[in-house]
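Please open the model in your viewer and keep the sequence panel beside it.

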Amino acid sequence: MPNKVETLRWLGDENGHLVLIDQTRLPMELVEIECRTVESVWEAIKQLRVRGAPAIGISAAYGVIVGLQSGRPLEEITAYLASSRPTAVNLFWALERMKKAALEKRNLLAEARAIHEEDRAMCHAIGRYGAELLANNTGVLTHCNAGGLATAEYGTALSVFFTAQDQGKQLHVFVDETRPLLQGARLTAWELAQRGIKATLICDNMAAQVMREGKVQAVIVGADRITANGDTANKIGTYSVAVLAQAHQIPFYVAAPTSTFDLSLESGDLIPIEQRSSTEITHGFGKQTAPEGIDVYNPAFDVTPARLIKGIITEHGIIEPVTKATIAAMVQSS
C-alpha cells in the first residue's frame, strides 16, 4: 500500500506554520507550499491550492494561528479568511469554532489540531458506513474530488472506496473529469491510482452512456453544504449526475460529515453559489479555447435536490430517507 496523502500539516508550536500540497500542480508535480502569513492561507484557499470543504475548514483554523502571529485582532483575521470562498460551510464552521475557543480562553493551536484530528476520524467513520453499501465488483461513479486531498485523510466519497478496498472488495470507479478545472482528472484519478484501485476516467458528458451500458451500480459524491431539507451543494455538474442516476434507477449517495450541514438554511435555494473567473473556461490551464469577448457563466457549484439523493453517509450513520426530520435527528444528536 502506498503512503497516504497528507494534504496539510502544521509544523512547530504557536509560532509555526502551515504546509499544504499545492493541488493546482497535480498530477504532474507533487509540490508543497509553506503558509507563514494569513494572506498566504487566504490565497491558497481562494486559488484552490487547497480545496474540498473539510480541508478548507482545517486550513482556515490553522490560518487563524498564523494570523495571530502578526498581532492582528482575531475578529479581523476570521473575517478576512471568511471572505476567501462563500459556498463551503466548513470554512465558517471552523472559524466560528476558533472564535468560541478564544472566548473560552482555550489554546487555539490545540483547537485547530482537534479540528484536524476529528476530521480524520470522521472520514474513516464515513468510509466504514459507506463501504457496507457496495458489494464486491461494484461499478461506481464519482464527480470532482472528495478524497484525502479534500480532507484530513481518506476523504468522504473516496473514503468509501478506500475502506472497501481495505475490506478486500474490488471496485471499478468511473471518474468524471469535472470541468472546467478537472479535479476529477487531476486529483481523484491520481488518488485512486496511488491506491491501486481500478479507475476509468470519463468526460463529464459521458456519464449517461456509461450508466446506460450498465457499468455503474451506484454514485457517491461529496458535499460542500447541505441544508436542513437535504438539498446539497457540490461541485458544478453534480446535479446533472444525480438526474442521470435517477433516470437509470441508480442510487445516488452523498458522503459528508455532520459539520457540512447548515441547518440555518431551509433549502438549497438559499445557498450562496460562488462565481469564478471566466478565464477558467476560456483559457483553461493557459490555453485559449474560446473567442475573445464571449460571455461566460461560471458557477463553481450546483445544488442537488434532496429528492434525488438516496442517502447521506455521515460519520454517525446513513441518513435515509433524506428528509428534514431524519437530518435533524442525526445532526442534532451528534
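Two residues are said to touch, or to be in contact, when heavy atoms of theirs lie within 4.5 Å. Keep in mind throughout that this is a predicted model.

Begin by selecting Ile65, which has its place in helix 2, residues 53-68. Ile65 is buried, with a relative accessible area of 5%, and, leaving aside residues up to four places away in sequence, it touches Trp10, Glu14, Met98, Leu108 and Leu109.

Next, show helix 2 together with helix 3, residues 74-82, and look along their axes, which come within 10 Å of each other and cross at roughly 140°. Because of this angle, helix 2 counts as oblique to helix 3, and the crossing in which helix 2 passes helix 3 is right-handed. To see where the two meet, select Ala60, Gly63, Val64, Gly67 and Leu68 in helix 2, and then Leu74, Ile77, Thr78 and Leu81 in helix 3. Sorted by class, this contact of helix 2 with helix 3 has 6 nonpolar residues, 3 polar residues and no charged ones.

Finally, move to helix 9, residues 238-247, and select its buried residues, which are Thr238, Val241, Ala242 and Ala245. They lie on the same side of helix 9, because they cover an arc of only 100° around the axis. Just after helix 9, stop at Gln249, which takes a positive phi of about 55°.

Methods:
Residues are numbered from 1 along each chain as its sequence is written. This is a predicted model: local features need pLDDT of at least 70, side-chain atom pairs count only at pLDDT 80 or more; totals for chains, interfaces and linings use all residues. Side-chain values use heavy atoms; hydrogens and water are left out. Buried means under 20% relative accessible area, exposed over 50%, partly exposed in between (1.4 Å probe, protein chains only). Helices (H or I, at least four residues) and strands (E, at least two) are DSSP runs, numbered from the N terminus. The arc is that of the directions from the helix axis to the C-beta atoms. Axes are lines fitted to C-alpha atoms, for helices over the stretch in contact, and angles run from 0 to 180 degrees between N-to-C directions. Angles under 35 degrees count as roughly parallel, over 145 as roughly antiparallel, 65 to 115 as roughly perpendicular and the rest as oblique. A crossing is left-handed if the near helix is turned anticlockwise from the far one by less than a right angle, and right-handed if clockwise. Ala, Val, Leu, Ile, Met, Phe, Trp, Tyr, Cys and Pro count as nonpolar, Asp, Glu, Lys and Arg as charged, and the others, Gly among them, as polar.
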